[in-house]
Amino acid sequence: MIRKFQLIILASGNGSNAEAIMEWAKSSCMAEIIAVLSDKKDAPVLERARKFKIPNIILLEKNKNESREKYDQRLLMELKRFNPDLILLAGFMRILGTVLVEAYSRKIINIHPTLLPKYPGLNGYEEMFKSNDQDVGCTVHYVDEGVDTGEVIGFSKFHRRPDDTFLEFKERGLRNENQFYPKIIEEILNGKGGCHD
Ligand code: GRF
């Protein structure tokens, strides 16, 4: 019996990367998405997860006046229920605290829209677009307690056109992210033994 790697996606927003991962997992022999968790009740990613019939779709909002540490504890308890092999951040708009990062060392990965260490944090596409950089693209990295500071796993560049509007630029960048994220997840899982018994 093949045991597939069990993956969880955490996302706060639109979910184009989450969808690309769910699409890839649907036909993958090595991985399944066992849960999608969001901290935002109106996040379109939740609808996308329903479309893919993900068995656990979880809304975990931060309560008013709740400390970051308390929220992280609740998130950790949720994650522990599933014992995931990898946790994939796909536009999850929260910085993870020590308790999470230590519990899942080298098991939490994130995609960032720029070539790190350039332009960490919010507004990556805006910063990259404003720059004169000809080298543009995204980064997949392990997550630590910093803002986009964890060890880099891989980069993927896309083509910048001289007459790009911001929207065209961002759209091409996102398409590049959507293609790259599942590909690099597959590489990581292959490094862990690929399709396995
Ligand atoms: C992406 O640009 C990703 O790099 C960043 O947040 C955005 C999420 O987009 N971390 P989506 O929700 O996956 O469409």
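Visitor: What makes α1 oblique to α6?

Guide: Helices α1 and α6 pack at an angle of about 45 degrees, with their axes 9 Å apart. Angles under 35 degrees count as roughly parallel, over 145 as roughly antiparallel, 65 to 115 as roughly perpendicular and the rest as oblique, so α1 is oblique to α6. The axes are lines fitted to C-alpha atoms, for helices over the stretch in contact, and the angles run from 0 to 180 degrees between N-to-C directions. Do keep in mind that this is a predicted model, where local features need pLDDT of at least 70, side-chain atom pairs count only at pLDDT 80 or more, and totals for chains, interfaces and linings use all residues. Residues are numbered from 1 along each chain as its sequence is written, and side-chain values use heavy atoms, with hydrogens and water left out.

Visitor: Which residues of α1 and α6 make the contact?

Guide: From α1 come Ser16, Asn17, Ala20, Ile21 and Trp24, while the α6 side includes Leu174, Tyr181 and Leu189. Contact here means heavy atoms within 4.5 Å. By class, the contact of α1 with α6 has 8 nonpolar, 3 polar and 2 charged residues. For these classes, Ala, Val, Leu, Ile, Met, Phe, Trp, Tyr, Cys and Pro count as nonpolar, Asp, Glu, Lys and Arg as charged, and the others, Gly among them, as polar.

Visitor: And why is α1 called roughly parallel to α2?

Guide: Helix α1 (residues 16-26) packs with helix α2 (residues 44-51) at an angle of about 15 degrees, their axes 9 Å apart. That angle falls in the class under 35 degrees, which means α1 is roughly parallel to α2. Ser16, Ala18, Glu19 and Met22 of α1 meet Val45, Arg48, Ala49 and Lys51 of α2.

Visitor: Now to the rings. How do you know that Tyr125 and Phe169 form an edge-to-face pair?

Guide: Rings of Phe, Tyr and Trp (its six-membered ring) pair if their centres lie within 6.5 Å, and planes under 30 degrees apart count as stacked, over 60 as edge-to-face and the rest as tilted. For Tyr125 and Phe169 the values are 6.4 Å centre to centre and 90 degrees between the planes, so the pair is edge-to-face. Tyr125 lies in helix α5 (residues 124-130) and Phe169 in helix α6 (residues 166-191), so the pair ties together parts that are 44 residues apart in sequence.

Visitor: What makes Phe129 and Phe166 an edge-to-face pair?

Guide: Their centres are 5.4 Å apart and their planes 70 degrees apart, so they pass both cut-offs. Ring pairs also link Tyr125, Phe129, Phe158, Phe166 and Phe169 into a cluster.

Visitor: Why does Phe129 count as partly exposed?

Guide: Buried means under 20% relative accessible area, exposed over 50%, and partly exposed in between (1.4 Å probe, protein chains only). Phe129 has 25% relative accessibility, so it counts as partly exposed. Phe166 also has a relative accessible area of 25% and is therefore partly exposed. Tyr125 and Phe169, by contrast, are both buried.

Visitor: What makes Pro55 exposed?

Guide: Pro55 has a relative accessible area of 60%, so it is exposed. Pro55 lies in the loop between α2 and β3 (56-59). Lys53 is in the loop between α2 and β3 too, and at 70% relative accessibility Lys53 counts as exposed. Lys53 also has a positive phi of about 55 degrees although it is not a glycine.

Notes: Helices (H or I, at least four residues) and strands (E, at least two) are DSSP runs, numbered from the N terminus.
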